[in-house]
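Subject: Structure handover

Hello,

Please load it before reading on.

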Amino acid sequence: MELFFYAVFGGLAAVVAALELSKNNKDRINTSSAFNSFKNNYLLVYSLMMAGDWLQGPYVYYLYSTYGYGKGEIGQLFIAGFGSSMLFGTIVGSLADKQGRKRACVTYCITYILSCITKHSPQYKVLMLGRILGGIATSLLFSAFESWLVAEHFKRGFDQQWLSLTFSKAIFLGNGLVAILSGLFGNVLVDSLALGPVAPFDAASCFLAIGMAIILSSWTENYGDPSESKDLLTQFRGAAVAIASDEKIALLGAIQSLFEGSMYTFVFLWTPALSPNDEEIPHGFIFATFMLASMLGSSLASKLMARSSLRVESYMQIVFAVSSAALLLPILTTFLAFPTGVKGGSISFTGCIQLLGFCAFESCVGIFWPSIMKMRSQYIPEEARSTIMNFFRIPLNIFVCVVLYNVDAFPITVMFGMCSIFLLVACILQRRLMVISDKPKAADWQMKDRDGESEPLNI
């Protein structure tokens, strides 16, 4: 492994350590012992869930390629995952509001374990089934757990500001430290122990099973709107009315879709971007480096959110602008590249520059997650939290499916350019959200109000 990779990893680690050690009382929030116990239980479960997810991340593309599938066929498998998340995942995730968030979290574990099992087969149909199951699991991961946390937090009477502490710690651990360890652990399983690219998926199943056992034994159930009169279609209609009647919710959904769409497209593109001539790159170590950069971002986000005078809506404009610039690098570096026609070898000079830019983008991702979670807790109504959050994922999944479907039709620089433009639009929308964030919420959108009085929805 080249010295360059160690230098980038070590430099990021030093910055993260400096940020954590520099925190003072202004950067910390005083909490109760009951809250700390609740928070630590959630962080343990969330870390196990993310370990199950992150162990798979660096090896999905690689596993499919070892089975002999080309970029087009792999793109179709990815499309199946995002399409499943949009169609089936939205329905299953929305059921969490009515059937229970704890039950939805357990469903995530079972579904993802089954998805991991399918990776043992090289058959295209079996792999396609695994992607469909994985798409459903992804929707549950990014809606059910957060919905359970927010509802349980307020049900136990904890201070609202403490919620941002749990968010930032969850991203620091789950999307940072755990992701790094998962990347390194996956590298050991595949490269050092030579267990093959399917080994990380088996390890992921074990972590998911442990997390499911903790959920079943220590979590209580909570709901959004458990009204028996509300079927799934009524929930969807209510969520649509909520989005249409409150510009803040609509803007938040658009911002989330634009950023996450670019992020998931980046997940697909970073491997071919860093190795256009089949250069030998350490996938697991680079993935761990990206997650360390994300950890840096979440550490910075915790300092920002601890200051009540600084608004999330304000600094996120800068985050989106920086992320847009970072994904322009693969386009700009084409002017520095001179095609040699030589296959293999070590990472090129332009690849090194792109890697640094990708680390900057991942730092923005680390800031984005806890910040968007905090804004969602402020603007999304509790009664249909999971439903609305899964509504947000519909345009996201459509965007990613369109990009992946045309993955062979456009050069990789064009796709990076599209992502950069979408992130710039997210910056503009974030500016609009900041301007209107002080306005009161729109009138009550529910089919039934708190007193049980029914009013028809005019949509």
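Predicted model: local features only at pLDDT ≥ 70, side-chain atom pairs only at ≥ 80, totals over all residues.

Residues are numbered from 1 along each chain as its sequence is written, and side-chain values use heavy atoms, with hydrogens and water left out.

Confidence. pLDDT is the predictor's confidence in each residue, from 0 to 100. The protein averages 84, and 89% of the residues score at least 70. Residues 441-459 stay under 50. The model has 33 contacts (heavy atoms within 4.5 Å) beyond four places in sequence for that stretch.

Helix H13. Helices are DSSP runs (H or I, at least four residues), numbered from the N terminus. H13 covers residues 312-326. Its buried residues (under 20% relative accessible area, 1.4 Å probe, protein chains only) include Tyr315, Met316 and Phe320. The buried residues of H13 pack against helices H11, H12, H14, H15 and H17.

Core. A nonpolar core is a set of buried Ala, Val, Leu, Ile, Met, Phe, Trp, Tyr and Cys residues joined through side-chain atoms within 4.5 Å. The largest one has 141 residues. Met316 and Phe145 are among those with the most contacts inside it. Phe145 touches Met49, Tyr108 and Trp219, among others, not counting residues up to four places away in sequence.

Loop. Ala194 lies between helix H8 and helix H9. Its phi is near 55 degrees, a positive value in a residue other than glycine. Ala194 is exposed (over 50%), at a relative accessible area of 60%.

Best regards

Terms used
Helix = DSSP H or I, 4+ residues; strand = E, 2+ residues; numbered from the N terminus. Expected span 1.5 Å × (residues − 1).
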